Amino acid sequence: MSPYEELFEALIEYCKITGYPTFDYLPDESQGYPFIMVGDQINNDVYAKDFVTGTSNLTVHVFAEYNYRSEVATIMEQIQRLIPKFFTTEHYSFALAGSSSNILGETAKNIQLQHGRLILDFNLR
């Protein structure tokens with residue numbers, strides 16, 4: 001498995017610790033709110049003289065009904081606290097290098113939602 005896929009799988013497991021339903025896809029409308037979706041991932045290989053390292057940018061999406069904005073913020077904060085600054089998967093080591101977040105209002109299937117995006121930047125060590 002690639003280092004980026006191991007990172008993706010590890011992030012899903014950290015998100016599950018929150019106790020909220022966690023997916024690697026956007027579930028259908030039968031899924032209640034709130035829920036977490038580990039989604040977008042952008043990977044960059046960095047070539048050194050004798051080895052390849054890299055960075056990965058992952059977006060964790062948190063969805064809740066419109067009047068639960070504070071819960072979205074709390075869930076994103078929980079996720080940030082659960083991810084260690086440095087951690088190891090089965091084959092690789094990673095360092096959390098930074099993060100950013102935002103919360104957007106949106107409509108899906110005529111339901112007003114709060115959509116939190118937590119963007120996490122990792123370095124392959």
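**Salt bridges, rings and a helix in a predicted model**

A search of the whole structure, which is a predicted model, finds 2 salt bridges.

Reader: What makes the contact of K16 with E13 a salt bridge?

Author: The closest N and O atoms of K16 and E13 are 3.5 Å apart, and the cut-off for a salt bridge is within 4 Å, so the pair counts as one. Both residues lie in helix α1, 3 residues apart, about one turn of the helix.

Reader: Why are E77 and R81 separated by about one helical turn?

Author: E77 and R81 are 4 residues apart in helix α2 (residues 69-82), and therefore about one turn separates them. Their side chains meet in the other salt bridge, at 3.7 Å from N to O.

Reader: Why is R81 called exposed, and why is E77 called partly exposed?

Author: R81 has a relative accessible area of 59%, and exposed means over 50%, so R81 is exposed. E77 has 44%, which falls between the cut-offs of 20% and 50%, and therefore E77 counts as partly exposed.

Reader: What makes the aromatic pair of Y33 and F35 stacked?

Author: The planes of Y33 and F35 are 25 degrees apart, with 5.5 Å from centre to centre; because planes under 30 degrees apart count as stacked, this pair is stacked. Y33 and F35 also belong to one aromatic cluster with F23, Y25 and F63.

Reader: Why is helix α1 described as largely enclosed by the rest of the structure?

Author: Of the 14 residues of α1, 10 are buried, so the helix is largely enclosed; among the buried residues are Y4, L7, F8 and L11.

Technical notes:
Residues are numbered from 1 along each chain as its sequence is written. This is a predicted model: local features need pLDDT of at least 70, side-chain atom pairs count only at pLDDT 80 or more; totals for chains, interfaces and linings use all residues. Side-chain values use heavy atoms; hydrogens and water are left out. Buried means under 20% relative accessible area, exposed over 50%, partly exposed in between (1.4 Å probe, protein chains only). Helices (H or I, at least four residues) and strands (E, at least two) are DSSP runs, numbered from the N terminus. Rings of Phe, Tyr and Trp (its six-membered ring) pair if their centres lie within 6.5 Å; planes under 30 degrees apart count as stacked, over 60 as edge-to-face and the rest as tilted.
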